[in-house]
Amino acid sequence: QQIELSAPWNKRDVTINEDGSATMEIVDDFGRYEIASHGLIHHGAGRESYEIKKDDPLSAVMKTHWTEERARGDWSIRTETYGELRANATHWLVKGRLEAYEGEKLIFSRDWNEEIERKLN
């Protein structure tokens, strides 16, 4: 059985600007729960944003930030992941970052910055 410590919630915001550009912001918080039989607390949340300019498909940008947390007693761990996706005429441009924490101490991080050829056949 799980005990709900904070309820899940989400939001979606879409904005169309006067110049025709559009943005969408998404937040999904999956709630915080404790597993009653052994006291493990878990939480997750995702944040995403999308942007594009009118009549310019190569202006599209997607960004993500996801958090996962686990804790029991005075022990806690957390991961933070960040991503960004863009494209130009010939390549996908993919950036990412992973951060891993024990308590508040950063114990691992890694960055990605890749260009992947678009195969437009």
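Guide: What follows is a short tour, from the overall build down to single residues.

Visitor: What should I know before we start?

Guide: This is a predicted model, in which local features need pLDDT of at least 70 and side-chain atom pairs count only at pLDDT 80 or more, while totals for chains, interfaces and linings use all residues. Residues are numbered from 1 along each chain as its sequence is written, and side-chain values use heavy atoms, with hydrogens and water left out.

Visitor: OK. How many helices and strands does the protein chain have?

Guide: The protein chain has zero helices and eight strands. Both are DSSP runs numbered from the N terminus: helices are H or I with at least four residues, strands are E with at least two.

Visitor: What box do the C-alpha atoms fill?

Guide: Along the principal axes, the box is roughly 55 × 30 × 25 Å. The radius of gyration of the protein chain is 19 Å, whereas a compact globule of 121 residues would have one near 14 Å. That radius is taken over C-alpha atoms, and the globule rule is 2.2 Å times the number of residues to the power 0.38.

Visitor: And how much of the chain is buried?

Guide: Buried residues make up 26% of the 121 residues. Buried means under 20% relative accessible area, exposed means over 50%, and partly exposed is in between (1.4 Å probe, protein chains only).

Visitor: Next topic. How do β2 and β3 run?

Guide: They run antiparallel, joined by eight bridges. Two strands pair if DSSP finds at least two bridges between them. β2 and β3 form a hairpin with five residues between them, and Gly20 in the turn has a positive phi of about 90°.

Visitor: What stands opposite Ile16?

Guide: Ala22 in β3 does.

Visitor: Which side chain meets Arg12 in a salt bridge?

Guide: Asp28, at 3.1 Å from N to O. Arg12 lies in strand β2 (residues 9-16) and Asp28 in strand β3 (residues 22-35), so the pair ties together parts that are 16 residues apart in sequence. A salt bridge here is a side-chain nitrogen of Lys or Arg within 4 Å of a carboxyl oxygen of Asp or Glu.

Visitor: Are those two buried or exposed?

Guide: Arg12 is partly exposed at 46% relative accessibility, and Asp28 is buried at 16%.

Visitor: How many salt bridges are there by this rule?

Guide: The count comes to nine. Among them is the one between Glu84 and Arg86, with the closest N and O atoms 2.7 Å apart. Salt bridges that share partners also join Arg78, Glu80 and Glu104 into one network.

Visitor: Last one. Where is Thr67?

Guide: Thr67 is in strand β5 (residues 56-72). Thr67 is buried, with a relative accessible area of 5%.

Visitor: Which residues does Thr67 touch?

Guide: Leaving out residues up to four places away in sequence, Thr67 touches His43, Gly44, Ala45, Arg47, Arg78, Thr79 and Glu80. Touching means contact, with heavy atoms within 4.5 Å.
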